Amino acid sequence: MKRVSTLLFFVLALALSVNANSNKEASAKDVVEVNIFQFKVEIAAELDAAARLYESTHPGVKIVIETVGGGDDYGAALRAKNASGNMADIYNIGGPQDVKDWMTMLEDLSDQPWVSSAMDGILSGVTVDNKIYGLPFNMEGYGFAYNKRIFKDAGIDASKIVDFKSLEAAAAALDQKIKSGALADKYPLLEAVFEYAAKETWVTGLHTSNLALSPELGNVIAAADAKTIDFKYADGLKKLLDLQAKYSSSADKPSLLNAVDYSTQVDTGLAIERVAIIQQGNWIYGGVSAVDKEVADNLGFLPMPIVGAKEDSIAVGVPMHWSINSKAEAADKAAAKDFLNWLYTSEAGKDIVVNKFFFIPPLKGYDAYPVKDALGQSIMAFAAQGKTVPWVFMGYPTDWGMSTLGVKIQAYYAGELTWDKVVAESKTEWELSRK
Amino acid sequence: MKKSKLSFGLFVAPSLIAFFIVVIIPTISGVLMSFTNWNGIDNNPEFVGLSNYVKVFTLDMVKTNFLTVEFEMPRFVNVFLFTAQFAVVSVLLINFFGFSLALLVTRGLKGSNLLRSIFFIPNLIGGLILGFLWQFIFTKVFNNIGNVLGIEFLKGWLSTTSTGFWGLVILLSWQMSGYMMIIYIAAIQNIPTSLFEAADLDGANFFQKMKNIIMPLVAQAFTVGLFLTLSNSFKLFDQNLALTNGGPYLSTQMLALNIYRTAFMQQDFGQGQAKAVLFLIAVAAITLTQMSISKKKEVEY
């Protein structure tokens, strides 16, 4: 009997201590705690510093930030977090598909001060029935990022590249110079014109394909509603894929491109001057600059031409949005809204967004904070001339871009599928998932 | 008597409750979830009957070359066949290497203890890290050696289905052989030395000792070893994700990765769960069959 009573004593003690803990929590509730669950690893440290700064001027608010990186990993982690009953107050959503999925948990942000200063059309991906559900992180753009120094030394005028024909001619001329050894003294590592990360299906299936589908679908909302696609510019897409294979270091065996990943393309490709052009966006600036600042400062964008469509443009869009959990407590929601507003519209916040996060601001009123990095400036130049196409890949059926089209492009490079089949099968899959 | 029953109950209860909470209840709710259309967010999914199971076998058909004949089959079956091939090859290799290493370090050589630690170390590294380490070796180191020596075979590893397959086999063998070695060492050391002395007196050579003493008496360890390697090969996830992530063109995707992608990337949790239920049944059936077969081979002298 003694043993039993000892056991009972322990159980009781345990229960009491749990109770005591929860009492303590309740009394600490006059501090509002805002939980942020965000996906951009690159800004994790700076965002944390921004939160501390905000706390110092806003007593009574505590901001806790959790970061989980990478596109699809974040979506999975967010679902897991929600299922665990520990949902954050501020979280990130992509485009219309995410808005549809998370609709029951999205706070209407239409009355927020930043809404009036948003760039034209930039909120379209998170607007449903005239209500706005997200604050854009930033604007990002991608195209053919190229090394200006190599182009100059090869005697190629990048400003003349305005369509597919001129791009192809420039690539051929540069290829000839590399193979003849004319550039070997100055760029000993230079071995090819392009490097293309076909292993990363977001590079192929989302980004490259966007250039071909954007002119057909028009915008991301139309893409999210489209029951079928014609793939009108499939030939133009094939030309881009073939070009990037033909003048790459895997020209003899395109299947090798399937092993090329992001870091091979950027860190041990463009950054060390092993190749002259890669298809990537302004987010590579930090990574390239960490390897070689001088290379990073001499980068710019060339257009990604789809024959028959807009041939002089790069693709610009919003990668992610901040949104607020509508099921959170009222005090938390208010503090969360105020923090986002402070981050994007106060002077201190603007400085952080542009100079610490290296973002291209999605809002107006940033005239005092010009974008400083070479790739960001290049995007601003394209945008100023209207030479951009919108991102529509956020409106593709869930996982179609990466696991259907991206995977089939790998099979095309490996010689397992003909291009006609890639196109036909991808169209069918689109139709099936939109039934 | 009554008192001891009560304390028996009280002492068993904690682990029983824990077992129910973390194993039995999730299994049941998982099976139930496979009959719904849950998307991972909404807490009120609809009941959709068997349609998730129908989807597994009717959607996403792929053409595959299996034993030189071209078939069209559901991707899940294709993935199952790939996983099964992988499991057969890696079970054989891991146990072969594990057993050989165990024989090597139980022969009383100098430095045996050091060797044991060295062989065991890979097992202490997490699967994800190993995957990225070997990815570097296969794609960078192999490539550079291939370039320098002009060996075409070493170039472009992981960019084809077969190099992806063998890459995974090499990775898992390297990782698990050390663990199997420990199991076989324990079994070999448990064999009474009197048997070896008797064999020596009879003038038995190494192979006779192997066939008549070591193999039969280690059979019990083989049961365990085969079970662990077989179930681990079928359930492989981290290494698959880190090394190839299913590439190229999803041809090196294994069962666990396929289930993960269905649930978390296509965001079809119902279908993913249906696949997981089928996976559970298949792995249970295969490993139980293996257990009952190899149990019959065990002997005691």
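Which residues of the largest nonpolar core touch the most other members? I looked this up first, in a predicted model where local features need pLDDT of at least 70, side-chain atom pairs count only at pLDDT 80 or more, and totals for chains, interfaces and linings use all residues. Residues are numbered from 1 along each chain as its sequence is written, and side-chain values use heavy atoms, without hydrogens and water.

**Core.** I found A:Leu343 and A:Tyr344 touching the most other members of this 77-residue core. I took a nonpolar core as buried Ala, Val, Leu, Ile, Met, Phe, Trp, Tyr and Cys residues joined through side-chain atoms within 4.5 Å, with buried meaning under 20% relative accessible area (1.4 Å probe, protein chains only). Helix 13 (residues 330-345) of chain A gives the largest share, seven residues; helices are DSSP runs of H or I, at least four residues, and strands are runs of E, at least two, numbered from the N terminus. The core lies between domain 1 (26-139 + 318-365) and domain 2 (141-317 + 378-433) of chain A, because both give residues to it. The domain bounds come from an automatic or database assignment.

**A:Tyr344.** Beyond four places in sequence, I listed its contacts (heavy atoms within 4.5 Å); among them are A:Leu135, A:Trp322, A:Phe359 and A:Tyr366.

**Chain B.** I noted 11 helices and two strands in chain B. The C-alpha trace of chain B spans about 80 × 75 × 35 Å along its principal axes. Of its 301 residues, 42% count as buried. Among chain B contacts between residues at least 6 apart in sequence, 65% join residues at least 24 apart.

Notes:
Chains are lettered from A and ligands numbered from 1 in the order in which they are written. Buried means under 20% relative accessible area, exposed over 50%, partly exposed in between (1.4 Å probe, protein chains only).
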